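Please look over the sequence and the model before reading on.

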Amino acid sequence: DGSVAEHLRGQRWVDDAVQAGAKIVQRGVHRVVISSGPPHFAHDAARRVARSAALPFVMDMRDPWSHLQRLPVDTASPVRLALTSISERRAIASAGLVVANTAPMRDQLCRTHPAAARRIIAVPNGYDEEAPPQPPEGSPPFTIAYAGTIYLDRDPAPLFRGAARAIASLGVTPAEFSIQFMGDVQEFNGVPVAQLARDAGIGDFVQLHAPRSRSEALNFLASASMLVQLPQDSDMAIPAKLFEYMRFNAWVFVLAEPGSATELLLENTDVDIVAPRDIEAIADVLVRRFKEYASGRRGECLSAHERFSRRAHATKFFEAVERLAGSPVTVSPLA
């Protein structure tokens, strides 16, 4: 069973990590032990290190553990679910503070572990305050951009089908309207992305670019009129890419299900959020934004909302850690 083999490998790593941690932690110097995962085996290691050192344990979950909504085929089994549930329950029972990546994930953890509900908070990711590159001058063509990797669930076909309707309605050419992907974007589930574009009837409107340097990727995003987030089947997670997009003066277009963590995060913003299966609504958004762009309007960066900043979320996290750890221990100097 692949899940058992994975678990045994993880436990060997945990044993090594505990030995390393025991050599590092010093009472009177360190005030708390914090783990962040995935990989979630880190929580088991941190739990044991904290217990040995008699220090508070903080468990930071950037993705679900027992409630993971997509599992690799070679390790997906009832055995894996049982093992992860046991490990999660043990870690949360020991943690003085559990940090979830999104509000829906926090709520799910509270339902699963009601005795620990008061110790579970949500601290999302956030945008960095580093200034992005300036967009090009003039009026370049209306460009929808995506930079990164097309994962197993990031299907671009709904975007292509909606774009086909928008293009037909607008009567535009590839010189006026384009969709450009950069990164590991050549295939989706073994099917060439270029083929998906041709199947939708917009092959000439879609350009695929190989991975490039970080600075080139930032310039690529800065030149876009619209930044798109492709659909995902994990509605409790928020792609980090969304926070990267917040720094740019472009419309953000999110393909996400109603009630997802992404939709809840973006309440009361100008972000266009459409269910991936609603092809007509996708087309309507693209037509509306193209017309606005042609009239001289541009999207405004979401970083104007301070609640999305990494600084704001980090402050919430560290304040919670300080409440748990208490005042720093004063260590008397050696005589």
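## Basis

This is a predicted model; local features need pLDDT of at least 70, side-chain atom pairs count only at pLDDT 80 or more, and totals for chains, interfaces and linings use all residues. Residues are numbered from 1 along each chain as its sequence is written, and side-chain values use heavy atoms, with hydrogens and water left out.

Helices (H or I, at least four residues) and strands (E, at least two) are DSSP runs, numbered from the N terminus.

## Helix α5

Helix α5 spans residues 157-170, 14 residues in total. From first C-alpha to last it reaches 20 Å, close to the 20 Å expected at 1.5 Å a residue. That expected span is 1.5 Å times one less than the number of residues. After α5 comes G171, with a positive phi near 70°.

Buried means under 20% relative accessible area, exposed over 50%, and partly exposed in between (1.4 Å probe, protein chains only). The buried residues of α5 are A157, P158, L159, F160, G162, A163, A166 and I167. They pack against β6 (177-184), α6 (193-199), β9 (206-209), β10 (226-229), β11 (251-255) and α10 (279-294). Contact means heavy atoms within 4.5 Å.

## Nonpolar cores

A nonpolar core is a set of buried Ala, Val, Leu, Ile, Met, Phe, Trp, Tyr and Cys residues joined through side-chain atoms within 4.5 Å. The largest has 63 residues. L159, F160, F177, I179, F181, F253 and L286 touch the most other members. Helix α10 gives the most to this core, with 8 residues. Apart from it lies another core, of 24 residues, including F57, W65, A95 and L109.

F177 touches F142, I144, A163, I167, L170, V172, F205, L286 and F290, leaving aside residues up to four places away in sequence.

β1, α2 and β2 make a right-handed β-α-β unit. Right-handed means that, with the strands pointing away from the viewer, the path from the first strand over the helix to the second runs clockwise. β1 (residues 33-37) and β2 (residues 57-61) pair in the parallel sense over 5 bridges; pairing needs at least two DSSP bridges. S36 has D60 of β2 as its bridge partner.

Side chains alternate along β1.

Helix α2 (residues 41-53) holds H43. Is H43 buried or exposed? H43 is buried, because its relative accessible area is 0%. H43 touches S35, S36, G37, F57, M59, D60, M61, W65 and A91, again without residues up to four places away in sequence.
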